[in-house]
Amino acid sequence: PACNYDLISEIRELADRQGVLILAHNYQAPEIYQIAEKIGDSLELARLAQETDAETILFCGVDFMADTAKILNPQARVLIPDPQARCTMAHMAGEQAAIDLREQYPDAEVVSYVNTTTATKAVSDICCTSANAIEIVDSVDSEQVIFLPDRNLAAYVSRFTRKEIIPAAGYCYVHDAITRESVDAMQKLHPGAVFVAHPECRPEIIDMADAVCSTGGMARFCRDASVSSFIIGTESGMLHRLRSEVAEKKFFSVAGICAPMKQITLEKIKACLTTGSGEVVLDKSLMDAARVPLERMIEVSK
Ligand code: 13P
Ligand code: SF4
């Protein structure tokens, strides 16, 4: 609609005038892509947030992503257009689970997915994302690894490491809901399509996948693969990125939408830029503690 174009140019003007870096996760709504300077997966966006000289970062994504940007770049002012955009998994199996599991397995290191709160990161040894989880688990010194919060990502990593993984019980409600039946039905509708899944999917879905990648990895995989159609096992917003970047190929989704991701709207972004609302404010000592596992991750997966 015409009003969106006005809003988009107003936002771009405001951001440019103030030197604000706008980052957006791949699952953001199509109109958010138009105002973002960079679109990417959790690891790509964390790196960009860490490296930028911009005084303000406006993060279009969910809570833990904006928090991660702040932790990695504490001098910057980080704004999130809706602080209530909370990744549900990041609030499962958190700080207390890490403490309890450590007591039970004193020799194990704690690897926490970036989809966690700052308090959980603060009691973790190293973080990981879906793009580097196997590499990170293999990099730690201990033979036993406490992995939280995602039970599905833990199960996925277990397939590729000799380490003993002690999983927690968290999960992503979008990926965990993908069923064999829906993948089966889509494969019957589109024979020859390659099935690409996110590692947050259940093990039985991973078994059906031709490739498993982070959202950033999917974009590269689909661009480079020599096939022309794909069934995508991740949040359906990903299709927008794939269709716009790889326009000559076909993409079909078997997943639903992540409601927290869609809480970010153009109106909220404009409000953020005009009033400075939605600033991420974290406890300094918690932030300092959470920076250790995040920086360690970035160092390992350089
Ligand atoms: P990516 O790091 O692969 O983008 O995943 C983030 C996420 O929240 C997946 O649900
Ligand atoms: Fe969190 Fe799942 Fe949404 Fe990713 S898709 S942000 S894991 S709730």
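The dialogue below goes from domains to strands and then to the ligand.

Tutor: Keep in mind that this is a predicted model.

Student: Which domains does the domain assignment give for the chain?

Tutor: Look at the residue ranges, and note that a domain may take more than one stretch of the chain. Here domain 1 covers 2–87 + 261–281, domain 2 covers 89–171 and domain 3 covers 180–257.

Student: How many residues do domain 1 and domain 2 bring to their contact?

Tutor: Start with the centres: over C-alpha atoms, those of domain 1 and domain 2 are 28 Å apart. Domain 1 puts 11 residues into the contact, and domain 2 puts in 11 residues. On the side of domain 1 that touches domain 2, helix H3 (42–51) and helix H4 (63–72) are the elements that give two or more residues. H4 gives the most, with five residues. By class, that side of domain 1 has five nonpolar, two polar and four charged residues.

Student: Is strand E3 mostly covered or mostly open?

Tutor: For a strand, count its buried residues. In E3 (residues 56–60), four of the five residues are buried, so that the strand is mostly covered.

Student: Which strands pair with E3?

Tutor: Read the bridges and the sense of each pairing. Strand E1 (residues 20–25) runs parallel to E3, with five bridges between them. Strand E4 (residues 77–79) is also parallel to E3 and is joined to it by three bridges. Leu58 of E3 shows both pairings: Ile22 stands opposite Leu58, and Leu58 stands opposite Leu79 in E4.

Student: What handedness does the unit of E3, H4 and E4 have?

Tutor: Follow the path from strand over helix to strand. E3, H4 and E4 form a β-α-β unit that is right-handed. H4 is also the helix that gives five residues to the side of domain 1 that touches domain 2.

Student: What is the bridge partner of Ala197 in E10?

Tutor: Val212 is the partner of Ala197 in E10. The chain goes from E9 through helix H10 (residues 203–208) to E10, in a right-handed β-α-β crossover. E9 (residues 194–197) and E10 (residues 211–212) run parallel, joined by two bridges. E9 is also parallel to strand E11 (residues 229–233), with four bridges, and there Ala197 stands opposite Gly233.

Student: How many residues surround ligand 1?

Tutor: List the shell, then sort it by class. Ligand 1 is surrounded by 13 residues, the closest being Asp41, Ser42, Ser130, Ser214 and Thr215. The shell divides into three nonpolar, seven polar and three charged residues.

Definitions and conventions
Residues numbered from 1 in each chain as written. Chains lettered and ligands numbered in written order. Predicted model: local features only at pLDDT ≥ 70, side-chain atom pairs only at ≥ 80, totals over all residues. Near = placed C-beta within 6 Å. Nonpolar A, V, L, I, M, F, W, Y, C, P; charged D, E, K, R; others polar. Pairing = 2+ DSSP bridges. Right-handed = clockwise from strand over helix to strand, strands pointing away. Domains from an automatic or database assignment. Contact = placed C-beta atoms within 7 Å. Buried ≥ 20, exposed ≤ 12 C-beta atoms within 10 Å, placed from the backbone.
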